Amino acid sequence: MSEAPAAETSAPRPPRRRASAVAGIIARGEPLVWLMGGAMAICVAMIGALLFFVAWQGLRTFWPVPVVRVETVAGNAVVGEVTRQDRYRPESFFLDALPAGAAEAARAVVRANDGWASRRLVRTGNYELTSEHFTWVSDFEARPGGETRPPWALVLERQSWGRFYGEPVGFLVDGERVADAPADVWRLFREHHAGVRALWAERVRLEREDIGRVNHRIEKERLRLRELELLHGADSAAWRDAKAAFDVLEARGQEEFRVLQERIAGINRDIARYSMALRVADGSESSIALGDIVRAYPANRLTREKLRLYAARWTSFWRTTRGQQRRRGVPRHFRHGHDDAADVVSSSCRSACWRRCTCANTPRPA
Amino acid sequence: MVEAIPENAYTGEYPLARFLYVYMNYQARLAARPAAPRVHPLHLQQAGAAGRGEGRLLSPSPPTSPASTLKKVGILHTAMDEYRVLGFTFLSDGALRLYRLDTGEALAEQRPLGVRVPTASSFAIRDGDVAFGFEDGSVQYGKLGFTARFLDSAALPAGLADMERGDIRTLGEGVVERTPDGQFRQQILSLVLEEPVVIEAGMAIRHVDVSMKAAGNVVAALSDSGALHVNEIISRRNLMTGKVTVRAIGGRQQLDPALVGGVKWLGLSGLGDNVFLVLRDGTVQRYDTRDVRNLSLSEAVDLVPEAGAELTVANFLIGKTSLVVGDTLGRVHVWSRIKPDGADTADGETLVLMHAFEGAGSPVRALAASARTRMLAAGYADGRVDVFHVTSGRRLGSLQMEDPVDAAVRAVALGPKDDGLLAVSGGRLGLWDLNIPHPEVTFAALFRPVWYEGYTSPEHVWQSSSGTDDFESKYGVYPLVFGTIKATAYAMLFGVPLALLAAIYTSEMMSPRLKAQVKPTIEMMASLPSVVLGFLAALVVAPFVEGIVPEVLACLVAIPFVILLGAYLWQLLPVHVSVRLQRYRLLFMLASLPLGVWLGFALGPHVEATLFAGDLKAWLTGRVGAATGGWLLALLPLCALAAAVFSSSVVNPIVRTRTRTWSRAAVARLDLAKFLLLCLATLTMAYALSGLLAVLGDLRGGVLSTYVQRNALVVGFAMGFAIIPIIYTISEDALSAVPEHLRAGSLGAGATPWQTTFRIIVPTAMSGLFSALMVGLGRAVGETMIVLMAAGNTPVLEWNIFNGFRTLSANIAVELPEAVRDSTHYRILFLAALTLFAMTFVVNTIAELIRQRFRKRAYQL
């Protein structure tokens, strides 16, 4: 109601006194404001993208991915997890190495892409068989239609040699094949694995703690004896008394060693009873002892278990990290019970282990 | 505390000061007093009392060969051992005389070649390789050198047990010294000769030289018949009998037999690919011997073209590529083989005069090259001996041989460690201590172009080490300074606009609540360690960008375009809508970013196809496509700037008067049309201009050139992470610190936030903004890990954005762990640090002056 008279009174005013629309638009400087906002957006995007990239790379590390089987034109097969993809310019000798017909097709493909080709990095594991953990597979190398996801492909995380990829073909107890069908093998594996790993943990405990305790006791006494020898001489009465006591203690220690060694040997025998036969990429079979397997899963049959597996991997990652912080200061290879390292370290390193370790279970190098 | 005085610097107790001292005082033209070669004659006496009595100048014993009277016996070679206790002269009659250098006592005369008299000989600068030619046309080579061995102190030979530390005694044909550690070190001279090789049966060899290569030794010889022979010597040991058979494979070139007498010196290059024949008339004939079976004359050069000057002596420098010649005027000239474009010689290479040392008039009589550096000693007929450093062009010092009989220097030798100088005159043997720290350093050698061996012209080069001992160190600091500037420039070009604009937006346009979230987010960038940024830049960003270069270039244009387009579209919104949406405006801005990226990626292939001949990397090499694309790339920002200025100063006033009565929507539409037209105009103008400029020149080879994976573009981006947060946060603080009453007053007087920001706030905060820029600059200049990992570390002098560089800081990080302590290299790295400091100091001083001006203006408000 009050607006109408106001409009009437303003009507006779010359219109040029009112700020014009164009002046308002120019004065707001919208384009430059947007440029400033855009610059800020770029800054935020830069840091956001970087943090996202780091987080993504870290978080996906433990996520279980399917296992693929790629048959190549050369007649081989590659089984493993695809970890990376990229484009590259294949050298001509690389194409020449392909079988005749395939080489021609590959050249055509590469030519059509201006000399570029894509390839995938496949984590193939099975290091003790192939001497490599990863293999590049170019797209033109793959046989058309030769890519499958083997339903029963197992991924084994092991104490040594890294991962193992294969299809279960047998479960062995005392060297006897008790199951052939993958489903049965997998069922038996799940039945026995936890028990075998418990035995393994018991063995590690015996080696790491019990033997170490005995050893430490003997070493302490030996040093005390030596101290007396330095103080009073090797012929003094005090030393002779201490020596007699030490001999008794050492004999007792050796007896304890013997008992522990026997227990360890027994556990080792129990662990060695169970193993699993797997067929690897080239069709041959390989047998893996259950005690060596930390974790196994049928990668292409996982549904909800994926999440559980992911969580389990993170848990063991944290456990290992914390455990290592506790035992910080001693290189891993020199520590007691270095089962996982013993197989991969060189013999010189192993002899160093033997010299540094005071525990009895470390095998003396040949 | 060690004081930084010349004395301390000189004794090495204060390394940096010592370096500074050396560096300041060692300019080529300065007469460097205390640091000049500490030349003092140790023993200036006739060699042996008996020799003096019999009037024999050098030898205490009568010469074995009856033919060689004193005048006729020349000195082929002289040398000293690394401990400066033993020296020898090899005479032209085949005799070898050994001297104790601490007393001058002549030890023995040996005849290592037996009764034979060599007709030709060559002595290598290092490693003791020698070759002798004989009357019968055979050549024999081997090793002549000093060997040290430590005597068992339990079973010492008689008469040595009472030696004090530092004592020197004669033992047989060698010398025993008790070292400061108490050991007995025996020093002897030994000559091991291989089986003789017959080059040309029955023809005396007049000149010979040998180069030891890994594949086999190469021997060049000139025989009496006038034939130049170049042979590869292959020796095989029979596994069954152990007998060594020596075979020579090679070719010959028949020269004019009359020429043979005129040949002064023959030299075979270190790689065995060239033979130099220096004639008495001052010319040199260079033969191409890369194919030993097929020798050919490459060129003939007059080394001493001046009338009245004659060549007196010629020799190689270490590495056997540079030729040193002395003449009767006393000049020492260094000639080296280069491969210039369009050389008219047979093999495309030519000898050029690289370094020249003027003489004092007395003829040069002897030359000796150092076995480890580009140092050179020259002996003159008046008894003077000068020491030069070839690369830096310095005359390091001069000393005088005192000899009443015949002072003319007949032979000189530098100690194997460059710490002694041995000179032989007519009747005396002189030994000087040399103490020449860092002869290769002068101000000019560090900061000016220097002509290095193998380079076609003087250049700035940094190459501190190489695989061989013959290597000429190249300490040009300028490429590193350049790399630092390049890294800083590209980083600032990327980071400064982003950081400043973002800071202004955050401070002036954002609600405090949002600001409290955004500011820490961007500051989080600063929390990333630069080694992580470098790692990501080198291993993630660089390979990624390599595959999408055209797209990246298109994005640089597309993203600002889309953002601006968003602004003009925003203006189209009715007022009541835009006011309501004001708080979400930032979201729209954020959304325009992926749109811009999408547009860039969509345009990328088309840009590559139309401007860069379909293949950007091939185009960058300059082999395909027209120059227009490069110019367009460079001109587009400039044209955009011109269009913006044109728009605000010419178009806007016209629009303002003509559209006074228009509605807001109509004006907004007009504004959008204006923007699009100006974009089109920018593109057209840039294209037309670049077409014009493409006729005149090409940016390729300059700012744009061959693509390298680790390049300035990637470094600029990664360094953005380092400098953006700093510039951003300081600028933001400076803007926020502007008194609120200024802002309130301006807004209250009717100014828009935009007008308030740019007319009031930014000018007031200018000193703070400038400080922010300078802090960012300082961070960019000193940044090490990002450039170390992502810049490729090649010290090249190119502005090419697609190429790497090496900065001062990265260079220090790379080389300091490897540098020998207190060596020239080590100290130059400290100099690099000092240069870095000087650069930042100068920049910061200028910045502070400017900042204070801004501040004064701000206070006047």
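In this predicted model, A:Glu202, A:Arg205, A:Asp210, A:Arg213 and A:Arg263 are joined in a network of salt bridges. Over all chains, the count of salt bridges comes to 64. One salt bridge is found across the interface of chain B and chain A.

**Salt bridges within chain B**

- B:Arg185 and B:Glu177 form a salt bridge in which the closest N and O atoms are 2.5 Å apart. Both of these residues, B:Arg185 and B:Glu177, are buried.
- B:Arg290 is paired with B:Asp288 in a salt bridge, and the closest N and O atoms lie 2.7 Å apart.
- B:Asp288, in contrast, is buried, with a relative accessible area of 11%.
- B:Glu732 and B:Lys515 also meet through their side chains in a salt bridge, with an N to O distance of 3.1 Å. B:Glu732 belongs to helix 15 (residues 712–736) of chain B and B:Lys515 to helix 7 (residues 512–523) of chain B, so this pair ties together parts that are 217 residues apart in sequence.
- B:Glu732 counts as buried because its relative accessibility is 1%. B:Lys515 has a relative accessibility of 22% and so counts as partly exposed; the limit for a buried residue is under 20%.

**The interface of chain B and chain A**

- On the side of chain B, 52 residues are in contact with 30 residues of chain A.
- About 3,900 Å² of area is buried between chain B and chain A, and carbon and sulfur atoms give 85% of this area.
- Which residues form the salt bridge between the chains? They are B:Arg585 and A:Glu30, whose closest N and O atoms are 2.9 Å apart.
- Helix 6 (residues 478–509) of chain B supplies nine residues, the largest share of the side of chain B that touches chain A.
- Sorted by class, the side of chain B that touches chain A consists of 37 nonpolar, 10 polar and five charged residues.

**Nonpolar cores**

- The largest nonpolar core has 118 residues, and B:Tyr505 and B:Phe802 touch the most other members of this core. Helix 6 of chain B gives the most to the core, with 15 residues.
- Leaving out residues up to four places away in sequence, B:Phe802 touches B:Val549, B:Leu553, B:Leu620, B:Leu704, B:Ser705, B:Thr706, B:Tyr707, B:Val708, B:Asn711 and B:Leu713.
- Another core, of 35 residues, lies apart from the largest one; A:Leu188, A:Val204, A:Trp239 and A:Ile267 are among its members.

**Chain A as a whole**

- Chain A contains 11 helices and 11 strands.
- Of its 366 residues, 40% count as buried.
- Among the contacts in chain A with a separation of 6 or more, 65% are between residues 24 or more positions apart.

**A:Ser286 in chain A**

- A:Ser286 is placed in strand 10 (residues 285–289) of chain A.
- Is A:Ser286 buried or exposed? A:Ser286 counts as buried because its relative accessibility is 13%.
- When residues up to four places away in sequence are not counted, A:Ser286 touches A:Leu129, A:Phe164, A:Met276, A:Ala277, A:Leu278 and A:Val280.
- The C-alpha atoms of A:Ser286 and A:Met276 are 8.3 Å apart in space, and the two residues are 10 residues apart in sequence.

**B:Leu193 in chain B**

- B:Leu193 is located in strand 11 (residues 184–193) of chain B.
- B:Leu193 has a relative accessibility of 25% and therefore counts as partly exposed.
- Apart from its neighbours within four places in sequence, B:Leu193 is in contact with B:Pro112, B:Leu113, B:Phe132, B:Gln140, B:Tyr141 and B:Gly142.
- B:Leu193 and B:Asp129 are 64 residues apart in sequence, while their C-alpha atoms are 9.8 Å apart in space.

Note on methods. Residues are numbered from 1 along each chain as its sequence is written. Chains are lettered from A and ligands numbered from 1 in the order in which they are written. This is a predicted model: local features need pLDDT of at least 70, side-chain atom pairs count only at pLDDT 80 or more; totals for chains, interfaces and linings use all residues. Side-chain values use heavy atoms; hydrogens and water are left out. Contact means heavy atoms within 4.5 Å. Buried area is the accessible area (1.4 Å probe) that two parts lose on being put together, summed over both. A salt bridge is a side-chain nitrogen of Lys or Arg within 4 Å of a carboxyl oxygen of Asp or Glu. Helices (H or I, at least four residues) and strands (E, at least two) are DSSP runs, numbered from the N terminus. Ala, Val, Leu, Ile, Met, Phe, Trp, Tyr, Cys and Pro count as nonpolar, Asp, Glu, Lys and Arg as charged, and the others, Gly among them, as polar. A nonpolar core is a set of buried Ala, Val, Leu, Ile, Met, Phe, Trp, Tyr and Cys residues joined through side-chain atoms within 4.5 Å. Buried means under 20% relative accessible area, exposed over 50%, partly exposed in between (1.4 Å probe, protein chains only).
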